[in-house]
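Please look over the sequence and the model before reading on.

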Amino acid sequence: MKSMLRSRLFEIEQESIAPIPAESRHGRSRELFTIWFGMNMTPLTVVTGATATTLLGLPMVSSIIAILLGHALGGIGMALHAAQGPQLGVPQMLQARGQFGSRGASLIVIVAILMFVGYFSSNLIVSSDSVTALLPEASGTALIIGCAVLSFVIAAFGYNLVRKVTALGAYVVGALVLVSFAALLANGDFWAQMNHGEFTWTGFLAMVAIGIVWQLTYAPYVSDYSRYMPAKSGTKGAFWGTYLGCVLSSALLMVLGSGVGIAVAGVDTMTGLHGLLGPGLGAAVLVGFALVAAAGNSVNAYCSALCALTLVETFFSGWRPGARARLVTSMVLHILGVTLALAAATSFASSYFSFLSVLLYVLIPWSAVNLVDYYVIRHGSYAVDEFYAADGGRYGRWNAGSLIVFAIGVLAQIPFMATPFYTGPAAEAMGGIDIAWLVGLGVSSLVYIVIARTAPALVRLDSDTGSGSGSAEPQLLGK
């Protein structure tokens, strides 16, 4: 049994963007839980949590409530995307063809690729910085390249090894996080500063929004992993495994970050955590974070390769990329990610990483259209084989109605945006609170429902008989 498991882990995955056949379906909700629990075990999560008590100036209790509320709410939308994987058996962004048409979906896929590569580069930098904080003489360039090589090797083998490595990382860093909490709770400065700060609705709602957006960021990923779950029994497990894993880990680390922010005010968060833990234990935690972040980066690499293959296949219909195409694509994306990471100190890279926040505004309307179409309009009934048709099949090359809704959703967010380079008038009036995500979700969902109900031909519902692969009714709460 163990030798069989090892052979599966180190056997290069042959599947890519084609539907996963029934005989290849496997997996349990516990495995998805560990993937997404491990994905958030990075210093970036801790640093983001510290925003609550440092930049936003909230007291500790208010910070905890805002963090928990934001992640709990945002996780619902994210996990609803994950529940589509077992039903349809294809990567998340390829599903967009069912709403936007084969070529219309390519616009969304490009945005997702940019986001994946950006986060991949960010994690390379985070991993390198964690080590150089302990060993200043270490070469940042060598560390970034080394972390990328580790990621490539894991992503090259594919789904099974990515899943296993991320699960192991969850256990390793999970233990280190518990130790970190123990050190934090034993620190007198933490308890003395518990009520430091001032509750404001601006700060509280901003932290809630950070949690919601953090969860929605994972929406383009989740079906890439849940697509291997059994079609008839995996939907419920995909939802809860993904939801609990992603929400619990991100909320846990952000609460830790907010506590560190109070205990070591005025000090860099990870440096402060190192100081709380002491030289030996602090070094172990930072190195553990760095290794897990580097290995877990294979999740970004794996998903970005699937997105890139989806984009290329759009213009070479009938091509079915296999393992070799996935490996070559992954290599190219790793080189691109390393290049961006090495250029992090330049103004170009700085602007690029700021641009990542804008990409989320673009993905919000996609998420709304996808969820409404899947759960409210078509009830999970798609002819998956026609996603690959040269002419787009019943979904066409360009779905005018969905693209109109997408444009409306993006435009509706502009007055409510709050970014380093642009703040809309509505956001300014609310003291800098960014609720663009809420406006984008609400407007896009409502407009799409209206169009689908009143002008179904505009979103190509008139040609959808609901037959074909993936046409069963989704069973979110049943077996």
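The sections below treat the chain as a whole, then its cores, then individual residues.

## Basis of the description

The model is predicted: local features need pLDDT of at least 70, side-chain atom pairs count only at pLDDT 80 or more, and totals for chains, interfaces and linings use all residues. Residues are numbered from 1 along each chain as its sequence is written, and side-chain values use heavy atoms, with hydrogens and water left out.

## The chain as a whole

The chain has 20 helices and zero strands; helices (H or I, at least four residues) and strands (E, at least two) are DSSP runs, numbered from the N terminus. Its C-alpha atoms fill a box of roughly 65 × 60 × 45 Å along the principal axes. The radius of gyration is 22 Å, which agrees with the value near 23 Å that a compact globule of 479 residues would have. This radius is taken over C-alpha atoms, and the globule rule is 2.2 Å times the number of residues to the power 0.38.

Of the 479 residues, 57% are buried. Buried means under 20% relative accessible area, exposed over 50%, and partly exposed in between (1.4 Å probe, protein chains only). The chain exposes about 18,400 Å², and carbon and sulfur atoms supply 70% of it; accessible areas come from the Shrake-Rupley method with a 1.4 Å probe, and for residues only the protein chains shown count as cover.

## Nonpolar cores

A nonpolar core is a set of buried Ala, Val, Leu, Ile, Met, Phe, Trp, Tyr and Cys residues joined through side-chain atoms within 4.5 Å. The largest core has 114 residues, of which Trp36, Phe100, Tyr218, Tyr221, Tyr225, Phe289 and Trp366 touch the most other members. Helix H15 (residues 279-315) gives this core its largest share, 13 residues. Apart from this core lies another, of eleven residues, including Leu124, Ile144, Cys147 and Ala155.

Leaving aside residues up to four places away in sequence, Tyr225 touches Leu32, Ile35, Trp36, Tyr159, Val162, Ser298, Val299, Tyr302 and Cys303.

## Individual residues

Ser258 is placed in helix H13. With residues up to four places away in sequence not counted, Ser258 touches Gly49, Ala50, Ala52, Thr53, Met60, Ser63 and Ile67. Thr269 belongs to helix H14 (residues 269-277), and its contacts, counted in the sequence range beyond four places, are Val46, Val47, Ala50, Gly257 and Val260.

Lys232 sits in the loop between helix H12 (223-226) and helix H13 (234-263). Although Lys232 and Pro86 are 146 residues apart along the chain, their C-alpha atoms are separated by 7.6 Å.

Two residues other than glycine have a positive phi: His379, near 55°, and Arg460, about 60°. His379 is in the loop between helix H17 (347-377) and helix H18 (400-413), whereas Arg460 lies in the segment after helix H20 (436-454).

The table gives the accessibility of these residues.

| Residue | Relative accessible area | Class |
|---|---|---|
| Lys232 | 79% | exposed |
| Ser258 | 0% | buried |
| Thr269 | 11% | buried |
| His379 | 36% | partly exposed |
| Arg460 | 27% | partly exposed |

How values were computed: Contact = heavy atoms within 4.5 Å.
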